[in-house]
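User: I'd like to learn how to read a few features off a structure. Could you walk me through one?

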Amino acid sequence: MDNLKIKGWETGFNKLKMIEVLTEDLQLDKDESEKLANAVSAGQAIDLKIEDPRLAKSLYGKLKGLGALVDLSQIE
């Protein structure tokens, strides 16, 4: 299992696109995705536990490309 930690954002952070990515990739409803994106915008760190390592790496790359500050680590 992987842990994807969203710690914040860089200049140019695209919150609307982040909501779209979280909704599509994690199969979350739009309200839950928006809640997570708003928390990041407010300066809160978010931890997402992801079973599929390929999904975790893909999501890491997408969020980083949107301007999110993210870390990816494995959970034993």
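Analyst: We'll go from the overall fold to charge pairs, then a backbone angle and a surface patch. Keep in mind that this is a predicted model.

User: Let's begin with the fold. Which pattern does the protein chain follow along the sequence?

Analyst: Going along the sequence, you get β-α-α-β-α-β, which comes to three helices and three strands. The radius of gyration is 11 Å, close to the 11 Å from the globule rule for 76 residues, so the chain is as compact as a globular protein of that length. The C-alpha trace spans about 30 × 25 × 20 Å along its principal axes, and 34% of the 76 residues count as buried.

User: Now charge pairs. How many salt bridges does a search of the whole structure find?

Analyst: The general idea is that side chains of opposite charge can pair when their charged atoms come close. Here the search turns up three salt bridges. Take lysine 7 and aspartate 71, whose closest N and O atoms are 3.1 Å apart. Lysine 7 sits in strand β1 (residues 2–9) and aspartate 71 in strand β3 (residues 68–74), so the pair ties together parts that are 64 residues apart in sequence.

User: And which residue forms a salt bridge with aspartate 25?

Analyst: That's lysine 62, with the closest N and O atoms 2.9 Å apart. This pair links distant parts of the chain, with aspartate 25 in helix α1 and lysine 62 in helix α3 (residues 53–65), 37 residues apart. Check the accessibility too: aspartate 25 counts as buried because its relative accessibility is 15%, under the 20% cut-off. Lysine 62, at 36%, is partly exposed.

User: Where do glutamate 20 and lysine 17 lie?

Analyst: Both are in helix α1, three residues apart, about one turn of the helix.

User: What about the backbone? Which phi does glutamine 27 have?

Analyst: As a rule, most residues other than glycine have a negative phi. Glutamine 27 isn't a glycine, yet has a positive phi of about 60 degrees. You'll find glutamine 27 in the loop between α1 (15–26) and α2, and at 68% relative accessibility it counts as exposed.

User: Last one: which residues gather in a patch of negative charge on the surface?

Analyst: Look for Asp29, Asp31, Glu32 and Glu34. Glutamate 32 belongs to helix α2 (residues 30–41) and, at 32% relative accessibility, counts as partly exposed.

Technical notes. Residues are numbered from 1 along each chain as its sequence is written. This is a predicted model: local features need pLDDT of at least 70, side-chain atom pairs count only at pLDDT 80 or more; totals for chains, interfaces and linings use all residues. Side-chain values use heavy atoms; hydrogens and water are left out. Patches are made of residues with over 30% relative accessible area and no salt bridge: like charges are joined within 9 Å, nonpolar side chains (Val, Leu, Ile, Met, Phe, Trp, Tyr) within 5 Å. Accessible areas come from the Shrake-Rupley method with a 1.4 Å probe; for residues, only the protein chains shown count as cover. A salt bridge is a side-chain nitrogen of Lys or Arg within 4 Å of a carboxyl oxygen of Asp or Glu. Lys and Arg count as positive and Asp and Glu as negative; His and the chain ends are not counted. The place of a charge is taken as NZ of Lys, CZ of Arg, CG of Asp or CD of Glu. Helices (H or I, at least four residues) and strands (E, at least two) are DSSP runs, numbered from the N terminus. Buried means under 20% relative accessible area, exposed over 50%, partly exposed in between (1.4 Å probe, protein chains only). The radius of gyration is taken over C-alpha atoms; the globule rule is 2.2 Å times the number of residues to the power 0.38.
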